[in-house]
Amino acid sequence: MTEERASLRPLPAVRFPETHETTVRVSSYSTARVRACAYSVPARLIGAFVQAHLSEDTVRFVYRGEEIASYPRSIGKVPRIDYRHIIASLVRKPGAFARYIYREELFPRPVFRHAFDRLTVFEERKASERYLRLLQLAADFGEDRVADHLGVLLRAGELPLAEVVEVQLRDPVPATPLALTVFTPEFGTYDALIAEVAS
């Protein structure tokens, strides 16, 4: 025990910081790189410098005192891309979708990938533009709702077009209420049956 104590180093004079802060520049892909991993931030900040706050399990980005994005810390340098950050610019220039370096990260759920594949088979030339409109709906109305409608269309073998999904999102078809029939017992029939059995 005495020998082990002799080999111990003294504790640091200051507490190790729980969060490491650094300043990074937003790339033309609308990403900021922290520890060699790309994280997306709003496209309006392309070219700007933002502060990255890196903790053991979280990465937060702050611009002019306002938090603009937060992610679980990436493992294995897997990029963290939020389509909501870039969808507006991609919709304006749909041709950029095919060349976007993090394109595979723009399928937030398998059903979105299936929708894109179906659109590509139907008409490859317009697939990117049509898919981006679906992502725009997800950003505007909620990913869960759009994913549900896409699933219904795909299972029915229908083309997952944004205009079809949007109609349902804006004016959903109300569920048809079940018609309930009030049962009124007719006791005369039972009385006759009992009388017949008793005789």
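Is arginine 125 buried or exposed? I found arginine 125 exposed, with a relative accessible area of 67%. For this I took buried as under 20% relative accessible area, exposed as over 50%, and partly exposed as in between (1.4 Å probe, protein chains only).

**Ground rules.** I note that this is a predicted model, where local features need pLDDT of at least 70, side-chain atom pairs count only at pLDDT 80 or more, and totals for chains, interfaces and linings use all residues. Residues are numbered from 1 along each chain as its sequence is written, and side-chain values use heavy atoms, with hydrogens and water left out.

**Overall layout.** I listed 8 helices and 6 strands in the protein. Helices (H or I, at least four residues) and strands (E, at least two) are DSSP runs, numbered from the N terminus. Along the sequence I read the pattern α-β-β-β-β-β-β-α-α-α-α-α-α-α. The protein has 199 residues, of which 33% count as buried. I then looked at contacts, meaning heavy atoms within 4.5 Å. Of the contacts with a separation of 6 or more, 52% are between residues 24 or more positions apart.

**Helix α5.** I found 18 residues in α5 and a reach of 26 Å from its first C-alpha to its last, close to the 26 Å expected at 1.5 Å a residue. The expected span is 1.5 Å times one less than the number of residues in the helix. Among the buried residues of α5 I noted Tyr131, Leu132, Leu134 and Leu135. The buried residues of α5 pack against α2, α3, α4, α6 and α7. After α5 comes glycine 142, and I read its phi as positive, near 110°.

**Helix α6.** I took residues 143-155 next, which make up α6. This helix has 13 residues and reaches 18 Å from its first C-alpha to its last, close to the 18 Å expected at 1.5 Å a residue. Which residues of α6 are buried? I listed Glu143, Val146, Ala147, Leu150, Gly151, Leu153 and Leu154. Seen down the axis of α6, these buried residues fall within an arc of 165°, so they line one face of the helix. The arc is that of the directions from the helix axis to the C-beta atoms. On the other side of α6, I found Asp148 and Arg155 exposed. The buried residues of α6 pack against α4 (110-122), α5 (124-141) and α7 (162-170). Just after α6, glycine 157 takes a positive phi of about 75°.

**Glutamate 143.** I looked at this residue of α6 separately. Glutamate 143 counts as buried because its relative accessibility is 14%. I left aside its neighbours within four places in sequence and found glutamate 143 in contact with Tyr83, Arg84, Pro108, Arg109, Phe112 and Ala138.

**Salt bridges.** I counted a salt bridge where a side-chain nitrogen of Lys or Arg is within 4 Å of a carboxyl oxygen of Asp or Glu. By this rule the count comes to 12 salt bridges.

- Arginine 125 pairs with glutamate 123, their closest N and O atoms being 3.4 Å apart. I noted glutamate 123 as partly exposed, at 23% relative accessible area.
- Arginine 84 pairs with aspartate 82, with the closest N and O atoms 3.0 Å apart. I found arginine 84 partly exposed, at 43%, and aspartate 82 buried, at 19%.
- Arginine 133 pairs with glutamate 163, with the closest N and O atoms 3.3 Å apart. Arginine 133 lies in helix α5 and glutamate 163 in helix α7, so the pair ties together parts that are 30 residues apart in sequence. I found arginine 133 partly exposed, at 35% relative accessibility, and glutamate 163 partly exposed, at 38%.

I also traced salt bridges that share partners, and they join Asp82, Arg84, Arg109, Glu143 and Asp144 into one network.

**Valine 78.** I located valine 78 in the loop between β6 (66-72) and α2. Valine 78 is partly exposed, with a relative accessible area of 41%. The C-alpha atoms of valine 78 and glutamate 105 are separated by 9.7 Å, and the two residues are 27 residues apart along the chain.
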